[in-house]
Amino acid sequence: MELKASGTQRTLIFFLALCVLSSLSCARTVVESTGLFRCKDFTYNESLQAELLAKLGLQPVYHQIARELCLEEDRCVEEVILVTDTVDIRSLTPKRGGMFLSELMRNSVKNICCYRIVQAEFGRYFKLDSRGFVSLTRDASEIRNEDYPFTNAIVTTYSLTKDRLYIFARKINVRTGQIIGFVSRDIAFQCLGDAVIKSVGP
């Protein structure tokens, strides 16, 4: 009886150790699923893509991006800035997911940088060339007028694959076309049933 108890205890201790190691490796990353959301089915469904992005808890990520894009560290600055819709890097359209990411970006820029925001469509001001660089869609001199009361813009693109979200944010001087700040984030996630596990990289 003692040998059986000892074996059972060893098995129990081993199982508990596995649970502890598993929970430590995924700490703060498990996002519970609710409703009819099916994580594994999001790839070709725009609505599910938007729901997946919402479940990834990205606002802290966007707060970090905004801090890195602000010129003055740890200090709010009253500045008017153009923030474009966040577009999918392949289609150059915001889609539902991109509109959600746009709101996260604007919220972070407003609260972290204290900028006054002018909203705009990506395609009206910017284009993506064959090498993946964002540039002005028009001559910079055309922007130097009273209709555009800003010098800088924040332009964000994203790419969503079956297990990764890539975010690219640029701060651009719209009068010169110069990129004065560039921040990217690589967010890995995994579907476990209907739950989502994520990890954020630089």
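Lys-95 is partly exposed, because its relative accessibility of 31% lies between the limits for buried (under 20% relative accessible area) and exposed (over 50%), as computed with a 1.4 Å probe on protein chains only. The model is a predicted one, in which local features need pLDDT of at least 70 and side-chain atom pairs count only at pLDDT 80 or more, whereas totals for chains, interfaces and linings use all residues. Residues are numbered from 1 along each chain as its sequence is written, and side-chain values use heavy atoms, with hydrogens and water left out.

Lys-95 belongs to helix α4; helices (H or I, at least four residues) and strands (E, at least two) are DSSP runs, numbered from the N terminus. Although Lys-95 is not a glycine, its phi is positive, at about 55°. Most residues other than glycine have a negative phi. A positive phi, of about 65°, is also found at Cys-114, likewise not a glycine. Cys-114 is located in the loop between α4 and β4 and is buried because its relative accessibility is 19%.

Helix α4 packs against α2, with axes that come within 7 Å and cross at roughly 25°. The two helices are therefore roughly parallel, the class for angles under 35 degrees, as against over 145 for roughly antiparallel, 65 to 115 for roughly perpendicular and oblique for the rest. Here the axes are lines fitted to C-alpha atoms, for helices over the stretch in contact, and angles run from 0 to 180 degrees between N-to-C directions. Contact (heavy atoms within 4.5 Å) joins Glu-46, Ser-47, Ala-50, Leu-53 and Ala-54 of α2 to Lys-95, Arg-96, Gly-97, Phe-100 and Leu-101 of α4.

One disulfide is found, defined as a pair of cysteine sulfur atoms within 2.5 Å. The sulfur atoms of Cys-70 and Cys-113 are 1.9 Å apart, and the link is left-handed, with -110° about the S-S bond. It connects distant parts of the chain, 43 residues apart: Cys-70 is in the loop between α3 (59–69) and β2 (80–84), and Cys-113 is in helix α4 (residues 95–113). Both cysteines are buried, since the relative accessibility is 10% for Cys-70 and 1% for Cys-113.

The largest nonpolar core has 32 residues, of which Leu-58, Tyr-62, Ile-65, Met-105, Leu-160 and Leu-165 touch the most other members. Two or more residues each come from α2 (46–55), α3, β2, α4, β7 (152–160), β8 (164–173) and β9 (179–192). Such a core is a set of buried Ala, Val, Leu, Ile, Met, Phe, Trp, Tyr and Cys residues joined through side-chain atoms within 4.5 Å. Beyond residues up to four places away in sequence, Ile-65 touches Met-105, Ile-167, Ala-169, Val-183 and Arg-185. Another core, of 15 residues, lies apart from the largest one and includes Phe-122, Val-134, Ile-172 and Val-174.

One aromatic pair is present. Phe-122 and Phe-126 form this pair, with 6.5 Å centre to centre and 40° between the planes, a tilted arrangement. Rings of Phe, Tyr and Trp (its six-membered ring) pair if their centres lie within 6.5 Å; planes under 30 degrees apart count as stacked, over 60 as edge-to-face and the rest as tilted. Both Phe-122 and Phe-126 are buried.

In strand β4 (residues 116–120), Gln-119 is exposed because its relative accessible area is 55%.
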